Amino acid sequence: MIVRDFNEIIKTDNARVVSDSQWTSVRMLLADDGMGFSFHITFLDEGSEHTFEYKNHFESVYCIKGKGAITDLATGKTHEIVPGVMYALNEHDRHTLRADEELVMACVFNPPVTGTEVHREDGSYAQAEEVA
C-alpha cells in the first residue's frame with residue numbers, strides 16, 4: 001500500500017513538485033511506484049493560458065476548484081471547466097486550457113510520468129526513455 005500526504009510532499013519532497021511560471025504540479029504517484037499511471041494535483045495560475053498536446057501520454061483531469069475553459073484545437077469547440085467537470089484526452093488532443101480563476105486539478109497520466117518531465121516547446125512530455 002502506498003500512502004502519501006500532499007501537505008508533506010509540498011514541504012519536503014522537491015523532486016515531486018514541478019513548477020513553471022504559471023503552474024505547479026505535485027506528483028503524488030510516479031512511474032517508479034509501479035501503478036501503471038501517475039497521479040498529480042496541479043495548480044494553474046489565474047489568468048494563465050496553456051497549449052498542450054500529450055503525444056506520448058493519455059491524460060484525464062478532474063476540476064476540484066476554480067473556473068476556466070478548455071478548447072479542442074482540432075475542432076475549435078470550447079468547454080467550461082468548473083468543479084466537478086472531468087475531461088479526458090483520449091486522442092492525444094492538442095488543446096488550450098485557460099484559467100479564469102486559479103484552477104486546482106487532479107490529473108492522471110498513462111503511461112505514468114517519471115517525475116522529471118517538463119513541457120517541451122510543442123506542449124508535450126517526452127517519452128519515458130527520452131527522459132531517463
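Reader: How many salt bridges does a search of the whole structure find?
Author: The count rests on a distance cut-off, a side-chain nitrogen of Lys or Arg within 4 Å of a carboxyl oxygen of Asp or Glu. Searching the whole predicted structure with it gives a total of 5.

Reader: Which parts of the chain does the salt bridge between arginine 4 and aspartate 33 tie together?
Author: The closest N and O atoms of arginine 4 and aspartate 33 are 2.8 Å apart, and the two residues form a salt bridge. The pair ties together parts that are 29 residues apart in sequence, because arginine 4 and aspartate 33 lie in separate segments. These are the segment before helix 1 (6-12) for arginine 4 and, for aspartate 33, the loop between strand 2 (23-29) and strand 3 (38-44).

Reader: Which residues are linked with Arg4 in a network of salt bridges?
Author: Arg4 forms a salt bridge with Asp33. The network takes in one further residue besides this pair, and the residues linked with Arg4 are Asp33 and Arg16.

Reader: What separates lysine 11 and glutamate 8 along helix 1?
Author: Lysine 11 and glutamate 8 form a salt bridge, with the closest N and O atoms 3.6 Å apart. Lysine 11 is exposed at 62% relative accessibility, and glutamate 8 is partly exposed at 39%. Because the two residues are 3 residues apart in helix 1, their separation is about one helical turn.

Reader: What is the N to O distance in the salt bridge of aspartate 100 and arginine 98?
Author: Aspartate 100 is partly exposed, at a relative accessible area of 34%. Arginine 98 is also partly exposed, at 32%. Their side chains meet in a salt bridge with an N to O distance of 2.8 Å.

Reader: Where is glutamate 102, a member of a patch of negative charge, found?
Author: The patch lies on the surface and gathers Asp45, Glu46, Glu101 and Glu102. Glutamate 102 has 33% relative accessibility and therefore counts as partly exposed. Its place is the loop between strand 9 (95-99) and strand 10 (103-110).

Reader: Which residue does the side chain of threonine 96 join in a polar contact?
Author: Threonine 96 lies in strand 9. With a relative accessible area of 11%, threonine 96 is buried. The polar contact is 2.9 Å and runs between side chains, the partner being threonine 51.

Reader: Which residues make the nonpolar surface patch of about 290 Å²?
Author: Isoleucine 64, one of its members, is in strand 5 (residues 58-65). Isoleucine 64 counts as partly exposed at 42% relative accessibility, and patches are made of residues with over 30%.

Reader: What distance separates the C-alpha atoms of isoleucine 64 and glycine 84?
Author: Isoleucine 64 is placed in strand 5. Along the chain, isoleucine 64 and glycine 84 are 20 residues apart. The separation of their C-alpha atoms is 6.5 Å.

Conventions:
Residues numbered from 1 in each chain as written. Predicted model: local features only at pLDDT ≥ 70, side-chain atom pairs only at ≥ 80, totals over all residues. Heavy atoms only, no water. Patch = residues over 30% accessible without salt bridge, like charges linked within 9 Å, V, L, I, M, F, W, Y side chains within 5 Å. Areas by Shrake-Rupley, 256 points an atom, 1.4 Å probe, with all protein chains shown as cover. Lys, Arg positive; Asp, Glu negative; His and termini not counted. Charge placed at Lys NZ, Arg CZ, Asp CG, Glu CD. Helix = DSSP H or I, 4+ residues; strand = E, 2+ residues; numbered from the N terminus. Buried < 20%, exposed > 50% of the residue type's maximum accessible area, 1.4 Å probe, protein only. Polar contact = N/O pair within 3.5 Å; in protein donor to acceptor, adjacent residues only side chain to side chain.
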